[in-house]
Amino acid sequence: MSDIFREVEEEVRRERFEQIWKQYGDYIIAAVAVVIIAIAGFELWQRYEANQNLKASDTLIAAQDLAESGNVVKSSEAFATLARSAPGGYAKMARLSHAAALFASGQRMEAVAIYKSVAADDSGPIGSLALLRAGWAMADSAPRTDLASLLAPLTDPKSPWRHPAHEVLAYADFHAGNTRAAQTEFAMLGDDKDAPESLRRRAAAMASFLKNGGMANFGTVPPLQPETPPGAAPAPGTAPQ
């Protein structure tokens, strides 16, 4: 008896399934096709993106090699192309590298302009790095107030970039001849336990250097005495050789 009921239930299920399939079969097939196409498209996009990143990485390395060899013109062209066409992160790194190459070749203002542009476009680590590099590029030429204004986002007490930013400002004071302020700033950095160890050592060394007179003139080295030929009398006022 149970077998009969089971057969009836299976028949009912079969009929319901056939009805559902006749009514919604086309939609089910279309939905499955969309899912398959979407998965395939996503995989193709990932592959394309990976290839683009690899290509951008190789091009960036080649442009950096050109810059290091002193070929500013060709490296600038390569960096500019990457900045226009490379994926986001590589485009920003290309702009930073371009600025570094310009600065190394003596084109300070052009380099600073690119650094500021990158910082304006990026509020994350790349933008902060661009601000810091702009600060170093301006440290020995810009007014102290301009430099402090530029680095204000980094010198905030909560900023992870505050220590290297204060190092730029301390160096700017040192370069401008404001030795007392520079010594105080370097000493504070050297004593700051939250600062990176390498920066602390560097700052402490500068503070000690300035405390001991820095670039002050401690006198002149006595001139070398002319050598006395063998058998000749020594010059007046000199000790015998």
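The points below go from conventions to helix packing, the nonpolar cores and the salt bridges.

1. Conventions. This is a predicted model, in which local features need pLDDT of at least 70 and side-chain atom pairs count only at pLDDT 80 or more, whereas totals for chains, interfaces and linings use all residues. Residues are numbered from 1 along each chain as its sequence is written, and side-chain values use heavy atoms, with hydrogens and water left out.

2. Packing of α5 against α7. Helices here are DSSP runs (H or I, at least four residues), numbered from the N terminus. The axes of α5 (residues 125–138) and α7 (residues 162–175) come within 9 Å of each other and cross at roughly 10°, the axes being lines fitted to C-alpha atoms over the stretch in contact, with angles running from 0 to 180 degrees between N-to-C directions. That crossing makes α5 roughly parallel to α7, a label given to angles under 35 degrees.

3. Residues between the two helices. From α5, Leu132, Gly135 and Trp136 meet Pro164, Ala165, Glu167, Val168 and Tyr171 of α7, where contact means heavy atoms within 4.5 Å. By class, these residues divide into six nonpolar, one polar and one charged; Ala, Val, Leu, Ile, Met, Phe, Trp, Tyr, Cys and Pro count as nonpolar, Asp, Glu, Lys and Arg as charged, and the others, Gly among them, as polar.

4. The nonpolar cores. A nonpolar core is taken as a set of buried Ala, Val, Leu, Ile, Met, Phe, Trp, Tyr and Cys residues joined through side-chain atoms within 4.5 Å, with buried meaning under 20% relative accessible area, exposed over 50% and partly exposed in between (1.4 Å probe, protein chains only). The largest one has 24 residues, and those with the most contacts inside it are Tyr115, Ala130, Leu147, Leu150, Leu151, Leu154 and Val168. Two or more residues each come from α3 (88–104), α4 (108–121), α5, α6 (144–155) and α7. A second, separate core of nine residues includes Ala182, Phe186, Leu189 and Leu210.

5. Leu154 and Ser128. Neighbours within four places in sequence aside, leucine 154 is in contact with Ser128, Leu131, Leu132, Ser159, Trp161, Arg162 and Ala165. Serine 128 has its place in helix α5 and, at 13% relative accessibility, counts as buried; with the same exclusion of sequence neighbours, serine 128 is in contact with Leu154 and Trp161.

6. Which side chain does lysine 92 meet in a salt bridge? The partner is aspartate 122, at 2.7 Å from N to O, the criterion being a side-chain nitrogen of Lys or Arg within 4 Å of a carboxyl oxygen of Asp or Glu. This pair links helix α3, which holds lysine 92, to the loop between α4 and α5, which holds aspartate 122, 30 residues apart. Aspartate 122 is buried at 13% relative accessibility, while lysine 92 is partly exposed at 23%.

7. Remaining salt bridges. The structure holds eight salt bridges. Within helix α9 (residues 197–211), arginine 201 and glutamate 197 lie four residues apart, about one turn of the helix, and their side chains meet at 3.7 Å, N to O. Arginine 201 is exposed at 52% relative accessibility, and glutamate 197 partly exposed at 45%. Salt bridges that share partners also join Arg144, Asp173 and Glu185 into one network.

Key
Angles under 35 degrees count as roughly parallel, over 145 as roughly antiparallel, 65 to 115 as roughly perpendicular and the rest as oblique.
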